[in-house]
Each structure stands twice: as structure tokens, then as C-alpha cells.
Amino acid sequence: MNKLEVSGTVNLSELPFGQDRSRAWRELRDAGEAVTAGEEIVLTSADAVEFAAKRPDIFSSAKAFDRLGSPVPMIPIAIDPPDHTRYRRMLDPFFSPKKMAEREPELRRQAGELIDAIVAKGVCDVLPDLATPFPSQVFLTLFGLPMEDRDRLVQWKDSILEFTDPGSSEATPEVLAHAMELFAYLTEHIAARRTDPSGTDMLSQLMQDTDEGAMDDNEILGLCFMFVLAGLDTVTSAVGFSLAKLAGDAELRGRIASDYSLIPAFIEDILRVDGPVPFAPRVTTQEVEVAGRVIPKDTTVMLSYGSANRDPRRYDDADTVHVDGKAVHFAFGRGPHRCLGSHLARLELRLILEEWHTRIPDYSHVDGKEPQMPWPTGTMGLRSAPLNITPA
Ligand code: HEM
């Protein structure tokens, strides 16, 4: 067989992700390690994805996000090294495990409060009741913004993300209006911090000088916008997948509820099996051969973190969630662009799972099985997960 024939063609939106994610990932991998999807090439194997993620000189992020037409710099996701390295040196300390741990008591309190309200109501849909409001509250808390803005923030974010979804065409006037409202909101708060920079919140701290210099207002606006785009829906999806998985698996649920030390391993493996970010885009800066396939310069290449995460050549029993080890996964990406908020995401997930099981050790799907996931979408996730709950 000719090397170029190794890879096939797929239509991503027709893969059966809605009905059976394991089958859909298998079908994608079976098409080849570097497959054609419309105008794009999708890398599907763990080796190919790892190679591309670690070569930003060949697989550039700079042009990859152009289609979103963001009026502010998408920092740091759409910046290539060496500038990207400066931003990460500046930003990483704010999102370190130690910094995140300082926020734990307050965030734990807020998670507990949301779950108390679910217990009081007696019925629950995980997505609107917990998985959606919590990450927005976390953003407002970290940046020292008013909590009463939570629902507005969720609405702005939903509207903007709808536009970034694959398959959406032009931004509607409503989407543009929401994007402008979010910018105006963030700009106003950034200006207020410039007037009084004494605060201890992250927004005030980001304005202060670091060894790498200080960020200007436009850069800070870009970062806040990134946080809203990258740090809310991803956590929402991960919370949804986590509780939906446990609701459908009595044995695993029982183990987690009686031994919280299993929670970190569960989080890592549910992120591996059902990671919220299925693909990350890059654009090639030169011709390159990957997995026997020659990819021309200026091609959009999708790194399938989701497919790499279930590659049976890398992971044993790849479609099953394990809690007895810690597999190094692709859910937070690889290479220089690996997720800035991974420690925050892990903290949010752990707090939710601990506070949930303290109050609600037993629960199940209202319809006896996990609801279907919409597809195609940008972030993978359930939109609804109604549960029967039996509080402690
Ligand atoms: C479970 C939750 C999350 C998942 C699965 C996730 C996943 C990812 C992935 C796969 C990437 C790499 C994208 C690429 O290769 O182009 C990424 C980057 C990023 N994530 Fe997350 N993320 C999560 C939560 C968060 C949170 C809470 C924040 C908030 C700070 C955040 C902020 C970012 C940023 C700023 C980047 C860009 C990093 C860079 O380009 O250097 N993410 N994330």
C-alpha cells in the first residue's frame, strides 16, 4: 500500500458521538492516524498528536484561531513561542497548585452552598443546577467581580460559544451584542482596578509588574476573554460527565462515596475518557510528514486530544474509566499550550465531587441511562443530566 493511502476521509459531524462516544472515537481512529475532514487534516493517534503539540514551530497556533475574529489578542492560546513563553512565565504563577489551594476554602463553601440548594429542592439537573453556575462563580471570585453578575456572565458566554461552535455560520446581531457587553463589562472593571490597584484579587495582581514586565489593558482584556471562553464550559462539561458517569455506575459510585482518596484518580481518568476538548486547531508553517502523510504548508490541522486519549496503543482498556492508577492523558493538551487552568479545573472538580458525595451519596439517572450528548459542538458535553437523588 502506498504510504499516502494509509489515511482516509471522515465527516466529523456524521460520527456517532451523540449515541456512542466509544464507537465514534474508534471509527475516527480506524480511518487513519492523519485523516482528511473537509479542508482539514485530523491527527488521531497519541503519537501523532503528541508530535504536533510539541512542535509549535511547524504547527502554529497564531493563525489557528483567526476565524473567531476576536477583536482582542487571544492570550496565550493564539500566540506562538517565543512570545507565548513570556506570557506563560507571567501567567503560570497565578494558576499554580499553591495559589489555587489558597482559594480552596471559599470555593468549597460555594460548591457546598449550590449542592445544599439541590438537596433542599429534592430534584436535580446537574447541568443548570451545579455544573453551569459553579465555574462562573469561580471566575467572579478569582477576579474579584460581583457575584450578582453570575447569570449575565453565563448568558454572554453561552452566546459567544454558540458562535464558536463548528457548523455555526456568521455571528448574529445578538451574539455580537453579547460579545460587546462582555468586553464593556471587563473593560470597566479593568479601568476600576487601574484607579485602585490595592486589591488582592487576580485582576489587580495581573496589573502589577512581574519579572516578565506588566500586561497592558488590552492584554488583560484578552486574557479575561480567554478565561471565559476556555475556563467555564470545559469545567461545566467535566462536572456533567463525572456525575453522569457515576450516576450510571453503582459500583464505582459506591467506591468513590466511601473513599474520597479515589477522587483525584477518577478525575484524571474521566477527563481522559470523556475530555471536554475533542480537537485543538493548528496551521502548518511548512510542509511536514506525519504518520506517513505529507501535509502541505498552510493546512489547518486538528489535534484530536479526544482520540489520542482513547488510543489503545497508549492506554490499556482505553474506553473504561479506571481509578486504580494515574494515566498521563491529553485532556489538558500537550506541549507549550497545555492548559493554563488545569490545577484550577482539578480543584473545582474535586471540590464538587467531595461536597456532592458528602450530601448525596446515592443518585441515578432519571431515565435509567445517561442522556444523549449533542453533536457536533466545540466543547463536548451533556446539556442536561436529570438525576434522582437520595440525600445522606
Ligand atoms: C476540565 C477543564 C478544562 C479542560 C479539559 C481544558 C482543556 C484545555 C486544552 C486541551 C488546552 C490546550 C489547547 C491547545 O492545545 O490549543 C487548554 C488550554 C488553555 N486552557 Fe484549559 N481546560 C480546562 C479548564 C480551564 C480553566 C478552568 C481555565 C482557566 C484559566 C483554562 C484556561 C486555558 C487557557 C488560558 C489555555 C491556553 C493555554 C496556552 O495557550 O498556553 N482552562 N485547555
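**Entry 1: helix H1**

I started with what the buried residues of H1 touch: they pack against strand E1 (34-37), strand E2 (40-43), helix H12 (233-247) and H15. A reminder to myself before going on: this is a predicted model.

Next I looked up which residues those are. In H1 (residues 21-30), the buried ones are Arg-21, Ala-24, Trp-25, Leu-28 and Arg-29. They sit on the same side of H1, because they cover an arc of only 130° around the axis.

Then I checked both ends of the helix. At the start of H1, Asp-20 brings a side-chain oxygen to within 3.2 Å of the backbone nitrogen of Ser-22. After H1 comes Gly-32, with a positive phi near 140°.

**Entry 2: Arg-21 and its partner**

Which residue does Arg-21 form a salt bridge with? I found Glu-370, with the closest N and O atoms 2.9 Å apart. Arg-21 belongs to helix H1 and Glu-370 to the loop between strand E9 (362-365) and strand E10 (386-390), so this pair ties together parts 349 residues apart in sequence.

Are the two partners buried or exposed? Arg-21 has a relative accessible area of 11%, so I noted it as buried, the cut-off being under 20%. Glu-370, at 26% relative accessibility, counts as partly exposed.

I counted the salt bridges and got 35. I then picked two more to look at.

Glu-104 and Arg-108 meet through their side chains at 2.8 Å, N to O. Both lie in helix H5 (residues 104-121); they are four residues apart, which means a separation of about one helical turn. Glu-104 is buried at 19% relative accessible area, while Arg-108 is partly exposed at 22%.

Asp-217 and Arg-194 form a salt bridge at 2.6 Å, N to O. Here distant parts of the chain are linked: Asp-217 is in helix H11 (residues 217-231) and Arg-194 in helix H9 (residues 173-195), 23 residues apart. Asp-217 is partly exposed at 34% relative accessibility, and Arg-194 is partly exposed at 37%.

I also followed shared partners. Salt bridges join Glu-104 and Arg-108 into one network with Asp-116, Arg-350, Glu-354, Glu-355 and Arg-359.

**Entry 3: the iron**

Last stop, the ligand. Which protein residue is a donor of its iron atom? I found Cys-339 as the only protein donor, with its SG at 2.3 Å. Looking up where Cys-339 sits, I found the loop between helix H15 (305-308) and helix H16 (342-359). H15 is a name I had already written down, among the elements that the buried residues of H1 pack against.

Conventions
Residues numbered from 1 in each chain as written. Predicted model: local features only at pLDDT ≥ 70, side-chain atom pairs only at ≥ 80, totals over all residues. Heavy atoms only, no water. Donors = N, O, S within 2.8 Å, 3.2 Å for Na, K, Ca; no water. Helix = DSSP H or I, 4+ residues; strand = E, 2+ residues; numbered from the N terminus. Buried < 20%, exposed > 50% of the residue type's maximum accessible area, 1.4 Å probe, protein only. Arc of directions from axis to C-beta. Contact = heavy atoms within 4.5 Å. Polar contact = N/O pair within 3.5 Å; in protein donor to acceptor, adjacent residues only side chain to side chain. Salt bridge = Lys/Arg side-chain N within 4 Å of Asp/Glu carboxyl O.
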